[in-house]
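Me: I'm new to this one, so could you walk me through it? Please take it slowly.
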Number of protein chains: 2
Amino acid sequence: MSISGEKQEKTGLSLDTLFELSEFFKFFGDTTRIRIIEILLSGEISVNEIAEKLNLGQSAVSHQLRILRTAGLVKPRRVGRTVFYALDDEHIGLIFNTGLAHILHKKGE
Amino acid sequence: MSISGEKQEKTGLSLDTLFELSEFFKFFGDTTRIRIIEILLSGEISVNEIAEKLNLGQSAVSHQLRILRTAGLVKPRRVGRTVFYALDDEHIGLIFNTGLAHILHKKGE
DNA sequence: ACAAAATATGAACACATGTTCATATATAGA
DNA sequence: TCTATATATGAACATGTGTTCATATTTTGT
């Protein structure tokens with residue numbers, strides 16, 4: 001009755017899970033955040049250095065870092081008055097690179 | 001002079017590429033689109049069937065399908081007056097599952 | 001050709017989101 | 001304690017985005 005049913009059953013992911021998944025991808029869906037993530041792929045770096053590299057205001061960067069920090073994608077380490085940020089999760093680089101591989105692949109067609 | 005430089009060089013991704021990457025992830029950053037993608041992982045399906053499964057209006061679904069279609073993530077096939085949609089790119093499932101693995105991993109901590 | 005069914009699309013509206021500006025907090029040094 | 005530096009945060013503002021409603025388009029059957 002499960003396999004021979006008249007309609008194909010769904011994968012079984014809950015609405016909550018799918019919502020969380022879309023919320024997760026949202027973090028990658030902003031140019032500033034993606035650029036921050038790319039920088040962090042090279043290692044730990046301070047807020048001001050990020051702002052300089054991105055040519056953005058310190059406030060804008062700090063706001064985005066808070067979003068990434070709250071989401072657990074990024075982890076702060078305080079040294080004196082400067083705060084260094086690093087990627088908190090090994091998967092972040094994987095997802096970044098998977099997406100990157102996709103668009104590079106698309107370009108090469 | 002490249003390896004022993006005083007500052008670490010960047011990965012070398014252009015602003016354009018990083019912008020495209022964030023735009024790409026944006027497609028996954030919406031609950032409705034993620035749910036559509038999940039449904040399409042099970043195979044081709046018509047617009048109305050998607051709307052029924054999602055309990056959403058036909059218009060809302062059609063609008064989202066247009067976004068996914070324009071982005072090349074989804075491909076239409078017309079049969080009579082009904083249009084069946086399917087994932088156009090093999091990578092879509094990979095990215096979906098990579099993100100899914102991440103949040104499921106996070107939950108299990 | 002006409003009516004019905006399936007899908008697409010434009011406009012309007014509500015809501016989310018990112019940046020800026022001003023200011024607060026925290027830490028180091030004198 | 002006072003000042004300077006680094007970062008964080010709240011409010012305001014502008015822009016982007018998704019849904020709804022109405023309507024257009026496409027195709028089938030009569």
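Me: How many aromatic pairs are there over all chains?
Reply: The count comes to 7 aromatic pairs over all chains, where rings of Phe, Tyr and Trp (its six-membered ring) pair if their centres lie within 6.5 Å, with planes under 30 degrees apart counting as stacked, over 60 as edge-to-face and the rest as tilted. This is a predicted model, in which local features need pLDDT of at least 70 and side-chain atom pairs count only at pLDDT 80 or more, while totals for chains, interfaces and linings use all residues. Residues are numbered from 1 along each chain as its sequence is written, chains are lettered from A and ligands numbered from 1 in the order in which they are written, and side-chain values use heavy atoms, leaving out hydrogens and water.

Me: What do A:Phe24 and A:Phe28 form?
Reply: A:Phe24 and A:Phe28 form an edge-to-face aromatic pair, 5.3 Å centre to centre with 70° between the planes. A:Phe24 is buried at a relative accessible area of 5%, and A:Phe28 is buried at 0% (buried is under 20% relative accessible area, exposed over 50%, partly exposed in between, with a 1.4 Å probe and protein chains only).

Me: And which kind of pair do A:Phe25 and B:Phe28 form?
Reply: A:Phe25 and B:Phe28 form a tilted pair, 5.1 Å centre to centre with 45° between the planes.

Me: Are those two buried or exposed?
Reply: A:Phe25 counts as buried at 0% relative accessibility, and B:Phe28 counts as buried at 0% too.

Me: Which residues do ring pairs link into a cluster?
Reply: The cluster links A:Phe24, A:Phe25, A:Phe28, B:Phe24, B:Phe25 and B:Phe28.
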